Amino acid sequence: MSEQPTPPSDQREEREERENSYDVASVEAKWRGVWDELQPFKADDEAVASGRKEKRYALTMFPYPSGDLHMGHAEVTALHDVIARYWWQRGYEVLNPMGWDSFGLPAENAAIRNDAHPADYTYGNIATQLESFQRYAVSFDWSRRFNTSDPSYYRWTQWLFLKFHEKGLAYRKNSPVNWCPQDQTVLANEQVVDGACERCGAEVTKRELTQWYFRTTAYAQELLDALDDLQPTWSDKVINAQRNWIGRSEGAHVTFTVETAEGARDLEVYTTRPDTLYGATFMVVAADAALAAEIVAPERREALEDYLAQVRKASDIDRLATDRPKTGVDLGVTATNPVSGEQVPVWASDYVLADYGTGAIMAVPAHDQRDLDFARAMGLPVRRVIDTGEENPEESGVATTGNGTYVNSGPLDGLTDKATGIRTIIERLEAEGRGSGAVNFRLRDWLLSRQRYWGAPIPIIHCPVDGEVPVPEDQLPVELPELRGADLKPKGSSPLGAAADWMHVTCPRCGGPATRDTDTMDTFVDSSWYFLRYVSPHDDTQAFDTRLADMWGPVDLYVGGDEHAVLHLLYARFFTKALRDMGLVSWDEPFSAYLSQGKVINNGRKMSKSLGNGVSLGEQLELYGVDAVRLTLVFASPPEDNIDWADVSPGGALKFLQRAWRLSGDVASEVGSDPAAGDLGLRRVTHKTLREAENLVENHRFNVMVARTMELVNATRKVIDAGAGPADPAVREAVEAVAILLSLVAPYTAEEMWERLGHEPTVARAGWPTVDEALLVDETVTAVVQVQGKVKARLEVAPDVSEADLEAAAMADEAVVRAIDGRPVRKVVVRAPKLVNIVV
Ligand code: ANZ
């Protein structure tokens with residue numbers, strides 16, 4: 001070592017600091033420019049179409065542009081990107097697109113709060129988010145981006161609506177609907193959570209309105225059945241939520257006859273317990289169903305109307321609550337039981353829902369608690385038809401629901417088997433034409449019209465002569481009128497009604513005066529097909545190219561949050577099935593696998609403004625850089641778990657990245673040098689790490705993959721410092737592996753390492769190293785070689801060494817050759833992998 005003047009200590013420290021770490025900000029700036037040039041993640045249709053490469057479709061939920069990106073976005077995209085980047089490294093052609101779910105209430109409400117036009121507000125935020133996403137370096141194919149609020153997109157949303165309309169899958173009807181008094185708009189059932197608006201939390205009430213629906217119920221059974229196939233690759237939480245939401249129940253329709261002022265008419269009920277028919281002591285009709293008003297006796301009409309006024313104020317949750325005092329009115333008519341001929345009174349109450357089953361029930365108070373509560377409140381009779389051995393419900397006030405012996409039940413008396421009871425009654429009803437077995441779903445049709453501005457206008461024209469007339473296809477899109485300066489605050493009717501020029505049109509059929517539908521579509525319509533648009537995002541001749549959809553789809557992995565378990569995920573499944581039946585896609589399910597990520601919380605609580613525990617993504621990126629934040633989010637826990645920001649260490653993540661980066665400066669061997677001559681122990685660690693990483697990534701154990709990478713970094717450092725040193729080609733092999741592993745999580749650091757290792761960018765497309773199976777063999781075994789019964793050598797061999805290889809190795813051993821000393825070998829006994837016995 002040559003003598004050098006020692007620099008003053010502060011200067012030296014500064015230099016060491018500089019040499020031992022990279023400057024995060026300049027590295028980020030440097031590589032973004034290079035990647036923009038290279039466009040390494042552009043999905044090539046041709047590569048897949050020609051069969052040259054196998055496809056993978058990676059998708060993560062596109063954001064609402066309601067502000068800049070936050071920790072939640074940072075988490076989901078960091079996790080998602082591990083898979084997408086891994087697929088590229090494994091040689092797949094990857095479609096990994098991104099865009100914006102830019103229509104809808106969140107953006108509209110935020111715009112109104114900020115006194116801005118929704119378009120300005122939305123597109124401003126999109127620009128901000130795009131900038132953040134690009135800095136965050138997610139491997140999206142930006143050439144495919146679109147916003148659902150672009151006319152070039154919603155033109156096709158409207159076109160799809162018309163296709164659904166043509167097939168009878170979109171229709172309009174008048175019914176009591178969920179109304180959010182805060183947002184002043186209707187909500188789909190899926191958007192009502194515990195009786196409150198999913199968006200703003202206001203308590204939801206009911207309103208009688210004419211609205212547009214998608215016939216999701218037409219696919220109820222298929223949506224349910226297909227969950228069995230999705231179960232292995234979807235989270236249990238989502239599968240169960242969808243199962244419950246679809247809510248299949250089996251029972252029977254039973255037809256009673258009711259005597260009204262206008263004469264006799266049928267009154268059909270849905271019941272899961274037709275076997276209790278002899279215990280029906282009264283009937284209850286939903287007070288707000290049209291049926292109640294149709295059958296009520298004239299002298300009871302006023303009482304019903306008074307009662308209705310009261311009911312309309314209550315939410316469904318309140319109405320179904322079992323602990324709520326029962327209310328109702330006697331409709332003054334009676335119904336005849338189809339099997340016993342008994343006449344029972346008919347009541348109206350709010351505990352029966354208008355839109356479930358038939359909106360009417362037979363009340364069996366002895367065996368249904370709500371019916372019993374109602375009977376006791378109104379002084380109606382109770383008759384036990386199943387003796388369970390418990391106290392008679394009439395006395396105890398507790399309905400019995402278990403099995404027992406049928407009593408007071410005509411042909412069923414004495415029977416103890418429920419299934420037989422049910423079957424017997426259904427057979428009898430069917431024979432007499434008074435009922436049949438029936439299946440019922442809790443799933444309702446999807447209410448899709450909204451009385452708000454910021455959405456795709458419903459492409460229908462209302463004509464006094466022709467009724468509902470679809471807007472002709474060549475007139476799409478029906479563009480949203482700008483309505484600049486207009487008051488877009490929610491006020492119960494659609495703001496589009498204010499655009500007189502836009503609204504008044506001529507009927508495409510008769511040419512007479514007509515008006516446009518002024519409602520807009522629920523944002524969930526936009527996101528029900530966006531994954532299809534990505535396959536041909538710039539095609540202005542069709543919604544999506546069916547050939548390309550068949551080629552890229554279905555999505556191989558969808559990453560997103562559980563909050564969409566029954567909204568978006570169910571709607572997208574419904575759309576896919578409907579489009580399949582129209583011949584527009586060939587697959588049945590849109591998302592082959594679904595990974596739901598946890599939330600980023602802080603100090604054990606959800607981040608929120610009111611708690612003041614929010615963590616700003618921008619600030620974290622300034623402090624630690626993109627890679628350290630991404631690494632922190634991936635390393636913190638398995639993807640499904642919540643991450644508490646108070647428990648993690650982005651500073652520690654940055655230190656690790658600098659340590660990994662330093663390795664790349666300590667490689668002295670040439671690019672392409674043969675690692676075979678290098679440190680065997682390190683080579684084993686490298687290859688085992690790569691193989692493990694393959695399994696870990698494929699099973700979404702990304703955090704463990706990072707832990708293994710850290711171990712590899714440590715093992716490499718040891719060999720550099722204490723082993724053969726920087727010139728060892730095994731060190732190069734290990735550091736290259738580290739760079740490739742890190743390219744899945746920390747793209748800037750990985751790229752910087754790759755360059756220092758003497759390679760061209762980009763490491764993201766370097767390709768996964770080939771794992772040498774021989775190096776995965778766990779340990780060696782010592783084989784003993786005996787000549788004439790005496791141990792002459794000990795060989796280190798693989799545990800699965802073959803007899804021939806072991807014998808050859810023994811015969812070649814120097815000590816053994818000496819012991820044989822040229823004598824003819826008479827016999828060799830080989831017991832692999834432990835023993836070779838040579839007799840001369
Ligand atoms: C008679 C009976 C006897 C019932 C008995 C239950 C127990 P699921 O499983 O949810 O489908 N029901 C039917 N329509 C209703 C409506 N519109 N509003 C409120 N309740 C309604 O439940 C079906 C059962 O819920 C039906 O079976 C009916 O009560 C009630 F021992 O009929 B059952």
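Asp821 is exposed, with a relative accessible area of 61%, where exposed means over 50%, buried under 20% and partly exposed in between (1.4 Å probe, protein chains only). The model is predicted, with local features requiring pLDDT of at least 70, side-chain atom pairs counting only at pLDDT 80 or more, and totals for chains, interfaces and linings using all residues. Residues are numbered from 1 along each chain as its sequence is written, and side-chain values use heavy atoms, leaving out hydrogens and water.

**Exercise 1.** Classify the orientation of H4 and H25.

*Solution.* Step 1: helix H4 (residues 71-89) packs against helix H25 (residues 680-698) at an angle of about 130°, with the axes 10 Å apart. Step 2: angles under 35 degrees count as roughly parallel, over 145 as roughly antiparallel, 65 to 115 as roughly perpendicular and the rest as oblique. Step 3: H4 and H25 are therefore oblique to each other.

**Exercise 2.** Identify the residues through which H4 meets H25.

*Solution.* Step 1: from H4, Val82, Ile83 and Tyr86 meet Glu694, Val697 and Glu698 of H25, contact being heavy atoms within 4.5 Å.

**Exercise 3.** Describe the peptide bond from Leu476 to Pro477 and locate Pro477.

*Solution.* Step 1: this bond is cis, with omega near 0°. Step 2: Pro477 sits in the loop between strand E20 (467-470) and helix H17 (500-503).

Methods: Axes fitted to C-alpha atoms, helices over the stretch in contact; angles between N-to-C directions. Helix = DSSP H or I, 4+ residues; strand = E, 2+ residues; numbered from the N terminus.
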